[in-house]
Amino acid sequence: MQKKQVKIETEFIKLDALLKFAGAAETGGQAKEMVTQGTVSVNGEVCTMRGKKIRPGDHVTLNEIEIEVV
């Protein structure tokens, strides 16, 4: 599994924006599709809310990519 750390300067980042920012999705539309298809997990639970607030310490998993927000 490929692990990435993404540093944010704000209190939170929305899930679909994080996927695009981390390079897991090429476009916002692709990120939205990934989330609505149920292929994204947040802290071990499947999440279908693309606007979910992701905060430092959260772990987002998609296919073989794990993103840790710091």
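**Exercise 1. Find which residue in S7 is the bridge partner of Val-60, then work out how S6 and S7 are joined.**

Step 1. Start with the bridge: Val-60 has Ile-67 as its partner in S7. Keep in mind that this is a predicted model, where local features need pLDDT of at least 70, side-chain atom pairs count only at pLDDT 80 or more, and totals for chains, interfaces and linings use all residues. Numbering runs from 1 along each chain as its sequence is written, and side-chain values use heavy atoms, with hydrogens and water left out.

Step 2. Look along the pair. Leu-62 sits opposite Ile-65 in S7. S6 (residues 59-62) and S7 run antiparallel, with 4 bridges joining them. Strands here are DSSP runs (E, at least two residues), numbered from the N terminus, and two of them pair if DSSP finds at least two bridges between them.

Step 3. Check the turn. S6 and S7 make a hairpin with 2 residues between them. Asn-63, in the loop between S6 and S7, has a positive phi of about 50° although it is not a glycine. Asn-63 counts as exposed because its relative accessibility is 60% (buried is under 20% relative accessible area, exposed over 50%, partly exposed in between, with a 1.4 Å probe and protein chains only).

**Exercise 2. Describe Asn-43: where is it found, and is it buried or partly exposed?**

Step 1. Asn-43 is in the loop between S3 (40-42) and S4. It's not a glycine, yet its phi is positive, at about 55°.

Step 2. Asn-43 counts as partly exposed because its relative accessibility is 44%.

**Exercise 3. Find which residue lies over the face of Phe-12.**

Solution. That's Lys-53, at 4.7 Å from the ring centre. The test for a charge over a ring is NZ of Lys or CZ of Arg within 6 Å of the ring centre and within 35 degrees of the ring normal.
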